[in-house]
Amino acid sequence: MLTSKEIRESFKRFFEEKGHLIVPSAPMVVKDDPTLMFTNAGMNQFKDIILGNSPAKSKRVADSQKCLRVSGKHNDLEEVGHDTYHHTMFEMLGNWSFGDYFKQEAIDWAWEYLTEVVKLDPNRLYATVFEGAASEGLERDNEAAAIWEKHLPAERILNGNLKDNFWEMGDTGPCGPCSEIHIDLRSDEERAAIPGRNLVNGSHPQVIEIWNLVFMQYNRMADGHLEELPAKVIDTGMGFERLCMALQGKQSNYDTDVFQPIIKTIGEISGKKYGNDAQTDIAMRVIADHIRTIAFSITDGQLPSNAKAGYVIRRILRRAVRYGYTFLEQKQAFMYKLVPTLIENMGDAYPELKQQQELITKVIKEEEESFLRTLATGMQMLDKIISVAKSADKKEISGTEAFTLYDTYGFPIDLTQLILRENELTVNMAQFDEEMLKQKTRARTAAAVENGDWITVNEGDSTFVGYDNTEYNTTILKYRQTKQKNQILYHIVLKDTPFYAESGGQVGDTGVLVCGEEKIEVIDTKKENNLPIHITKKLPSDPTATFLAQVDTKKRSACAANHSCTHLLDQALREVLGTHVEQKGSLVTPDAIRFDFSHFQKVTDEEIAKVERIVNARIRRNIPLTDHRNIPIEEAKQLGAIALFGEKYGDHVRVVQFDSSIEFCGGTHAAATGEIGMVKIVSESSVAAGVRRIEAITGEALENHLSKAQELMKEIHALFNNVPNLKATIIKSIAENAELKKEIEEYAREKAATAKEKLLTEIKEKKGMRYISAILPLSAATVKDIVFMLRAEQPENLLIVIGSIHNDKPQLTISATADLVEQGINAGKIVGQAAKLMQGGGGGQAHFAQAGGKNPEGIRAAIDKVFEIIEG
């Protein structure tokens with residue numbers, strides 16, 4: 001039986017022998033593409049080639065690409081673990097042709113690999129072809145069907161509809177018919193009873209698609225019509241995990257050697273055996289799948305966070321933790337313990353896992369512990385909600401409350417339902433679903449972008465000339481209209497552009513396009529599929545004219561200086577903290593620098609000061625920039641250039657050097673370090689486990705910062721009458737304030753004791769029950785202290801009902817001794833009802849409860865209501 005490692009290598013070797021260049025997997029986390037957060041298909045890294053924005057370095061390419069499908073159009077998250085073949089992170093084996101071979105070779109080679117190389121049973125294979133669509137003016141793909149007839153009988157060549165057998169990159173762009181290869185893995189008896197052709201594309205777990213051959217021959221325009229592509233493209237993708245299942249004779253992807261080592265380790269940690277219980281099996285599959293996604297994302301530079309791609313990764317991690325918590329009884333962090341097994345299984349194919357093992361482990365462990373604390377907080381909040389519901393004799397909690405737990409605190413809805421069932425309560429799921437729909441609608445509206453078709457003005461490729469120029473005569477290649485959040489903007493592509501497009505953490509340039517008296521403001525410059533896009537609010541009156549493209553040089557110079565400063569900071573951090581420091585992200589604006597890096601403890605003030613001294617010394621040396629442009633990547637490595645994990649580099653790269661600071665970089669930089677002026681690190685914080693963040697300012701921003709600090713010092717000095725020794729005076733003032741605070745607290749305790757003694761003299765009795773009732777001008781905290789002092793001295797047969805008004809806010813406090821609670825008095829239930837009379841609410845336990853309100857005038861009525869409820 002072939003192992004997963006052997007299967008992966010056999011695919012690459014087969015296509016290498018067919019003249020394909022084998023390329024490494026692109027990072028799973030996508031950068032510089034506003035349309036994608038994650039690589040969700042093998043073709044993503046070739047989008048710019050398919051769209052004609054970049055030339056192909058080889059017309060034939062093959063690889064094994066790590067992919068992630070959890071958001072947007074391709075969202076498999078909720079199926080993961082519940083069936084045998086859906087995953088978040090998966091590997092896609094693929095081969096591509098860019099204007100070279102087409103359907104004949106793609107189909108013949110797919111058949112050859114499956115039946116002759118890895119020797120799948122040809123009698124179990126089916127092929128689908130596009131049946132045509134009258135609405136699109138498209139006929140059946142008879143060309144593909146005729147090729148398949150050489151390999152398969154007609155009854156195993158099936159027609160597929162527009163949904164299943166016509167592949168589209170998006171709402172617009174390259175598209176075309178596709179031909180899927182399906183395999184029937186059922187037993188001979190099942191196959192005899194029901195033909196596989198009846199189950200293809202029917203969501204049967206053993207009749208599954210394993211390979212999709214896409215024939216890109218059209219371009220979808222914004223108005224929906226199709227045009228022929230000038231250069232046709234083959235794009236194929238085969239699910240690696242599904243192929244392993246078929247070749248290893250398994251009934252589930254999770255039974256293959258891709259997942260079993262991880263599942264076995266989960267069993268050892270949890271003491272559960274896979275295959276014994278449906279719920280624990282689902283939990284184990286969820287965790288085995290999700291640990292791969294999380295580890296690869298961290299490796300590619302995407303840490304869990306509360307925004308965008310980071311939020312998706314955090315959500316996946318928390319889903320896994322929650323399954324372990326609920327079904328495997330894992331109340332402590334445990335997933336980080338799976339990392340060694342994952343690396344042993346996949347580290348050879350993806351060596352970046354080995355290189356980043358310590359970071360992966362620490363990030364996962366801290367994220368687990370953080371979420372377990374969140375679960376604890378959620379449990380406390382849910383306990384309060386349950387208490388209030390029970391005190392009001394409700395059987396259902398609102399879906400809005402459940403959604404708040406889910407959305408704000410990350411508390412899963414199914415865990416909420418589980419706990420409610422244990423308390424004989426339910427949740428209003430219609431309300432919950434309504435809140436969820438509102439949130440999704442808000443997110444869709446915020447993200448919705450309507451792009452028009454590109455209008456071509458001139459043919460040609462766009463060239464960046466901004467390293468040497470901040471203004472340049474140029475022409476427009478193409479433009480389009482775009483609409484987002486009801487704002488109409490225009491995207492313009494220039495033949496030659498001095499504008500730097502946002503990438504590598506550096507914000508995009510702004511400026512103007514000038515033609516005669518007309519000036520078109522460029523409000524931002526972005527990259528889309530490797531194409532620099534100049535964003536404007538209006539189009540030039542004559543797009544065919546020649547323009548002078550002028551960059552805002554003040555902003556550019558500040559950005560360039562700050563970008564150079566990040567390189568110096570990176571170098572200094574490595575010198576001070578150690579060579580384990582690696583950049584994990586950055587933001588370079590004209591006003592500030594943000595720099596994230598791997599380090600496993602807080603950077604001390606002394607270390608910060610040392611970094612600043614090193615960098616400022618190099619700034620004063622005015623080290624000139626050495627710009628190595630378009631050099632072979634091997635030459636760059638020989639120079640000692642530092643590369644970033646999660647970045648994909650080409651065969652030729654740019655290297656930026658300031659003396660011994662040498663890094664791969666495509667950004668703009670100062671001509672010499674003296675242009676930075678000076679740097680000051682203004683904050684240091686934690687981003688995630690093992691990742692720290694510093695924020696710094698330079699140049700004019702630092703000058704303004706120092707001026708404000710100096711003004712603030714003058715104002716503080718003036719507050720203390722300009723004393724000669726300000727520090728000593730402030731220390732003395734703090735000490736005096738602390739002493740006064742102690743005296744106030746002592747006075748409050750004495751006041752509480754006095755009030756307690758007075759209340760003891762006012763105990764009354766009614767129908768055999770002793771009680772105290774009063775209204776006091778004290779804080780809720782002081783009243784609580786008084787109540788517990790009273791309970792300590794009078795532990796039996798005493799009901800205490802105190803109304804208090806503090807800062808114009810009413811507070812109701814109820815306490816019942818244990819014997820009264822046994823007789824049926826429940827302070828928690830009573831206080832909620834009584835508080836309504838002072839426009840408030842609250843709750844608590846049977847023996848003690850408090851409620852706040854808005855109307856002080858209602859406090860007497862609330863006290864009376866307490867006794868009314870008790871007397872029945």
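Student: Which strands make up the open sheet of 3 strands, and in what order do they stand?

Tutor: In this predicted model, the open sheet of 3 strands is ordered E26-E27-E28, and its pairing is antiparallel. Strand E26 (626-632) and strand E28 (661-664) each have a single partner strand, so they stand at the edges and one side of each is left without a neighbour in the sheet. From one strand to the next, the twist averages 20°.

Student: What holds the strands of a sheet together, in general?

Tutor: Strands of a sheet pair through backbone hydrogen bonds, and the pairing can be parallel or antiparallel. Here, strand E27 (residues 652-658) and E28 run antiparallel and are joined by 4 bridges; to follow the pairing at the level of residues, look at Val 655, whose bridge partner in E28 is Phe 664.

Student: Which helix lies across E27 and E28?

Tutor: That is helix H17 (residues 553-577), which runs at about 115° to E28.

Student: What is the strand order in the open sheet of 4 strands?

Tutor: The order is E24-E25-E30-E29, again with antiparallel pairing. The edge strands, each of which pairs on one side only, are strand E24 (583-588) and strand E29 (679-688), and the twist averages 15° from one strand to the next. E29 pairs with strand E30 (residues 691-698) in the antiparallel sense over 8 bridges, and within this pairing Arg 692 in E30 is the bridge partner of Ser 686. Helix H20 (residues 699-719) packs on this sheet, where it touches E29 and E30, and its direction makes about 85° with that of E30. Helix H18 (residues 605-620) also lies across E29 and E30, running at about 135° to E29.

Student: Which helix holds Gly 310, and which residues does Gly 310 touch?

Tutor: Gly 310 is found in helix H10 (residues 308-327), and its relative accessibility of 0% means that Gly 310 counts as buried. If residues up to four places away in sequence are not counted, Gly 310 touches Gln 302, Leu 303, Pro 304 and Ser 305. The C-alpha atoms of Gly 310 and Val 29 are separated by 9.9 Å, although the two residues are 281 residues apart along the chain.

Student: How should I read the geometry of an aromatic pair, and why is the pair of Phe 464 and Tyr 467 edge-to-face?

Tutor: Ring planes over 60 degrees apart count as edge-to-face. The planes of Phe 464 and Tyr 467 stand at 85°, with the ring centres 5.0 Å apart, so this pair is edge-to-face. Phe 464 counts as partly exposed at 28% relative accessibility, and Tyr 467 counts as partly exposed at 28% as well. Elsewhere, Phe 11, Phe 14, Phe 15, Tyr 113 and Trp 211 form one aromatic cluster.

Student: Over the face of which ring does Arg 156 lie?

Tutor: Arg 156 lies over the face of Tyr 126, at 5.9 Å from the ring centre, while Arg 285 lies over the face of Tyr 254, at 6.0 Å from the ring centre.

Key
Residues numbered from 1 in each chain as written. Predicted model: local features only at pLDDT ≥ 70, side-chain atom pairs only at ≥ 80, totals over all residues. Heavy atoms only, no water. Pairing = 2+ DSSP bridges. Helix = DSSP H or I, 4+ residues; strand = E, 2+ residues; numbered from the N terminus. Axes fitted to C-alpha atoms, helices over the stretch in contact; angles between N-to-C directions. Contact = heavy atoms within 4.5 Å. Buried < 20%, exposed > 50% of the residue type's maximum accessible area, 1.4 Å probe, protein only. Phe/Tyr/Trp six-rings, centres within 6.5 Å; stacked < 30°, edge-to-face > 60°. Lys NZ or Arg CZ within 6 Å of the ring centre and 35° of its normal.
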